[in-house]
Amino acid sequence: MLYSTSVNDPTVVVVGAGVAGLACARELTRRGVATVVLERARGVGGRCATRRIDGQPVDHGVPFLHAQSREFGLALNELDAAGKIPGWPLRVREPRLGCQPDAYRPGHRRLARREGVSAFPKHLASDVDVRLGQNVVALEESGNRIAVRLADGTRIAAPFVVAACALTESLALADPLTHDWPGAGSALEAARRLRTLSSLTVIAGYDPETPELDFDLWHPIEATMIHTLSHDSAKRLAPRDRVLVIQGRPRFSATFLEAPEEEWKRELLWEAAELLGPWVSRPRWCQTHRWRCARLPVGECLGVTPSLESPRGGCVALCGDAFALDSGLEGAYFSGLSLGEQIGTLPRVRQQVRAPQ
């Protein structure tokens, strides 16, 4: 169960159940603020994603969790210790080429989860009203409230709406409604100037008798198409299959983003076989995923969470790692947490707080 008591008259609607949106909603819920999270997908987590393929978990977005701050480390440690794999990845090739090279430096705590990295967003969602399969298509004003319109025509209105999707999706929702609100234009323009990087991903399963791999994570400097090779099955107890997750470089992914799946899947498997051996080009099974907005370039964040207020009283705010001090899950978490604190301490919100159940 991903959510608790249903909220029918929310004070805050959060669009997007990634780590930022869930951290925001969890903080608001903790403060007694009536909050609903709407998520288009069938599960929570966003880029912190785990698939189960024939019963075996596979992390096909973020391969591991890491924390620099004590606060985020404590948040990760709230998870069941039994599933924790401290220090993973232990065997890293070319760490300086990683999406977040600081994660491999002293002072950062790395870990993986036996059940998959999605255990973290599921934990954040455990006491939050999360509604899955809800495709938000537009934001509209409704008096002094903001109405969230779904693809089926349903509308949910609240004084506050938080856009916590991928950056491009959050801007697509917020811009049409808010661009002429006081101060909104400059805030939206600053967010539009941020670059986002895509990642085409191949998940390939092999017979466990295939050659043993001597790495957990590899960012091959000699590759032209592959950014990351993750030996995902190294995280699992008695894995049924040896599993590789192959993520494309940003330029390759941008070039082939709209190409037929078979075309870029074949190219990524071919280059992986060049690195590891011919057996890699012949997986027993194979799945793919297009991460259209996989991450931001290192250090390219705004460091401030836009809160856009209508002259008529409604408010649209944006959160995510794009608006944090640092990119990645830790930045996303603190962006959502900070926004939850900001909204939850407003006098007009405190007046509406429900009495504890």
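Helix H1

Modeller: In helix H1, the buried residues are Val19, Ala20, Gly21, Leu22, Ala23, Cys24, Ala25, Glu27 and Leu28. Keep in mind that the model is predicted.

Biologist: What makes H1 "mostly covered"?

Modeller: A residue is called buried when its relative accessible area is under 20%. Nine of the 12 residues of H1 are buried, so the helix is mostly covered. Among the elements that cover those buried residues are strand S1 (12-15), strand S2 (35-39), helix H3 (119-125) and helix H8 (329-344).

Biologist: How do you know that the span of H1 agrees with its number of residues?

Modeller: At 1.5 Å a residue, the 12 residues of H1 (residues 19-30) should span 16 Å, and the end C-alpha atoms are 16 Å apart, so the two values agree. H1 is followed by Gly32, which has a positive phi near 85°.

Biologist: Which residues are buried in H7?

Modeller: The buried residues of H7 are Trp264, Lys265, Leu268, Leu269, Glu271, Ala272 and Ala273. Their cover includes strand S14 (197-206), strand S16 (226-231) and helix H6 (250-256). After H7 comes Gly277, with a positive phi near 130°.

Biologist: Why is Asp54 called exposed?

Modeller: Exposed means over 50% relative accessible area. Asp54 has 61%, so Asp54 is exposed. Asp54 sits in the loop between strand S3 (50-53) and strand S4 (56-59).

Biologist: Why is Glu94 called partly exposed?

Modeller: Partly exposed is the range between the buried cut-off of 20% and the exposed cut-off of 50%. Glu94 has 24%, so Glu94 falls in that range. Its place is in the loop between S7 and strand S8 (109-113).

Biologist: What is there to note about the phi of these two residues?

Modeller: Most residues other than glycine have a negative phi. Asp54 has a positive phi near 50°, and Glu94 has a positive phi near 55°.

Biologist: What makes the peptide bond from Trp88 to Pro89 cis?

Modeller: The omega of that bond is near 5°, and the bond is cis. Most peptide bonds are trans. Pro89 lies in the loop between strand S6 (84-86) and strand S7 (92-93).

Biologist: How exposed is Ser307, and what does Ser307 touch?

Modeller: With a relative accessible area of 39%, Ser307 lies between 20% and 50% and is therefore partly exposed. Ser307 belongs to strand S19 (residues 307-309). Leaving aside residues up to four places away in sequence, Ser307 touches Cys315, Val316 and Ala317. The C-alpha atoms of Ser307 and Gly183 are 9.5 Å apart, although 124 residues separate the two along the chain.

Biologist: How do you know that the whole chain is as compact as a globular protein of that length?

Modeller: The chain has nine helices and 20 strands. Its radius of gyration is 21 Å, and the globule rule gives 21 Å for 357 residues, so the chain is as compact as a globular protein of that length. Buried residues are 54% of the 357. Of the contacts with a separation of 6 or more, 73% join residues 24 or more positions apart.

Note on methods:
Residues are numbered from 1 along each chain as its sequence is written. This is a predicted model: local features need pLDDT of at least 70, side-chain atom pairs count only at pLDDT 80 or more; totals for chains, interfaces and linings use all residues. Side-chain values use heavy atoms; hydrogens and water are left out. Helices (H or I, at least four residues) and strands (E, at least two) are DSSP runs, numbered from the N terminus. The radius of gyration is taken over C-alpha atoms; the globule rule is 2.2 Å times the number of residues to the power 0.38. Buried means under 20% relative accessible area, exposed over 50%, partly exposed in between (1.4 Å probe, protein chains only). Contact means heavy atoms within 4.5 Å. The expected span of a helix is 1.5 Å times one less than its number of residues.
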